[in-house]
Amino acid sequence: MMHIAASLLDVYSGLLSHQSMILAMNSSFVDPLLQFENQLKIIKSSFKMLVATPSLDKVKKMGTSNEDVEDLVNLYQNILNTYEDTLLILVSKDLYKLQLLQEMIVWMSQDGSYLQERIMVIISRVLHFASRKVRRYTSVDAPCLGVLAAELCLLCSYTDSSITQQASLGLYHLLRIAKCQTEDIGQSKPPSHHQHNCLLPSSDIEFLSKGFKDKNKISQRIGQTLLPSLLNDFVWSLLKKLSAFDYKIASDAASILKLTLEYHAQKVTMVSKIVDVIYKELHENSSHCMKHTMLRVITLLTHTSPTKVIFQLMDYPVPADDILILMWQAAGSEAKVAPHVLKTILLILKGKPGEMQETLTEARRFSLDTTNMMPMAASQALCTLLPVASYKKAVAQFFPHLLMALLLQLFYSRDLTLTSLDSPLYARDSLRALLNCSGLRPVDIALEEKNCWNQFSEALYHHHGVHIIAKTLCEFNFPQFPETLNYVYKVSVEGPQQSEDSIITIILLTEVSFIGRL
């Protein structure tokens, strides 16, 4: 018993010493970042001391009398209270230091201590304290709320109901803080009004009593409450959890992530970064257990940010690998986004493959490559997307635009085929796909019989090849003739900027106009 008592006294005195150091730092003029880093080290050291203490049951058994037991239990509780008080001191001065709670959850998951429930009680109490205090603030600076919310959400699905209950309480208080932050950003309010608005609806009390187990409601509530920057952090944190060694954590993260994006993808701004990390993850491990979820994330982001998703997908090396093709398919899997996807691809096809990046004014670049290979990537993407049944209506809508853009890309590809004999003609292949999915298969067959497609690899054939394609289309009285004539005429009147564009436009306009006169 004396050994246990001495051990507890050492922990208690150590925590008090750490607390005094933190108080001294709070009163100093140390750089805030340096101050936080040092305080984090102290809190982590205190945490290690805390989880090294014996369990309360073991402490009770060591007492030889009721008085001894009572003294040991009081000492044990004082240790826990001191650690909690230290956190309250830090948070009371600066809500930014709520980030310490996020770190504690990480330490807790790594330690697997019997004190997990008590640690969650401390986290919940600190968040409760912060949620009451924040209502008196005119501004709220708590950038860690997104990541902390992700950690608490996952703990709401924990196997231990006592942990789940405390995580639910903590998440409830966190959302109250986040609501105050949203109100603060939205408009300036008098303190009394601000305090009233920071309270969550009474319906949330019932929601809380059910333990936040409904992932659907969790996702809706968090998306509604968190600011876009915090929601970015929330989504990013869940995305990283998809690669967790614990399959249950990865699975729970996948469920919450998909539901959040289904309801609130429009608030997520770090789209390109998310697409890039998914590509890298799947490229490194094509059999990733959460592969389906990652592809679903691409689909959901395309609903609200098609331009960002498509531009990022076009910025990888050509030819595309299997993973990238899967991501293209995910981005273009639904009919409602097809027009937006095709518009973005048409924008990219205005560029000239191999052209130096500095001369491009219309294409947005994400990589450090000096040459623009995005048009070639876009042509390859069309080979994948155009045959998709859900794209039929959008393809019909943009047929003239796609026809013109791909004929120009065939011409532009001339220089690439000259420098690399093995360079694939994706513009040619996507043009054939366009004809086939637009009810013009007989035109494709006729052009193949004329050996037109094969001759495009020859440098001097391009102008004549465009002439053959236009003439063959007219020979078959293609039903898209009226809108094609109108579009080509409009392009010729507005005037393309490059001389080679003019040549292709004139050839196409001459043939289409000729059949129009007939």
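Predicted model: local features only at pLDDT ≥ 70, side-chain atom pairs only at ≥ 80, totals over all residues.

Student: What makes Gln99 count as buried?

Tutor: Buried means under 20% relative accessible area, exposed over 50%, and partly exposed in between (1.4 Å probe, protein chains only). Gln99 has 19% relative accessibility, so Gln99 counts as buried.

Student: Which residues does Gln99 touch, not counting residues up to four places away in sequence?

Tutor: Gln99 touches Phe36 and Cys144. Contact means heavy atoms within 4.5 Å.

Student: Where does Gln99 lie?

Tutor: In helix α5, residues 99-111. Helices (H or I, at least four residues) and strands (E, at least two) are DSSP runs, numbered from the N terminus. The protein chain has 27 helices and 2 strands.

Student: How many aromatic pairs are there in the whole structure?

Tutor: A search finds 6. Rings of Phe, Tyr and Trp (its six-membered ring) pair if their centres lie within 6.5 Å; planes under 30 degrees apart count as stacked, over 60 as edge-to-face and the rest as tilted.

Student: Why is the pair of Phe47 and Trp107 called tilted?

Tutor: The ring centres of Phe47 and Trp107 are 5.4 Å apart and the planes stand at 55°, so the pair is tilted. Phe47 lies in helix α2 (residues 32-51) and Trp107 in helix α5, so the pair ties together parts 60 residues apart in sequence. Both Phe47 and Trp107 are buried.

Student: Why is the pair of Phe478 and Phe481 called edge-to-face?

Tutor: The planes of Phe478 and Phe481 stand at 90°, with ring centres 6.2 Å apart, so this pair is edge-to-face.

Student: How do you know whether Phe478 is buried or exposed?

Tutor: Phe478 has a relative accessible area of 3%, so Phe478 is buried. Phe481 has 22% relative accessibility, so Phe481 counts as partly exposed.

Student: What sits over the ring of Trp236?

Tutor: The charged end of Lys273, 4.5 Å from the ring centre. A charge sits over a ring if NZ of Lys or CZ of Arg is within 6 Å of the ring centre and within 35 degrees of the ring normal.

Key: Residues numbered from 1 in each chain as written. Heavy atoms only, no water.
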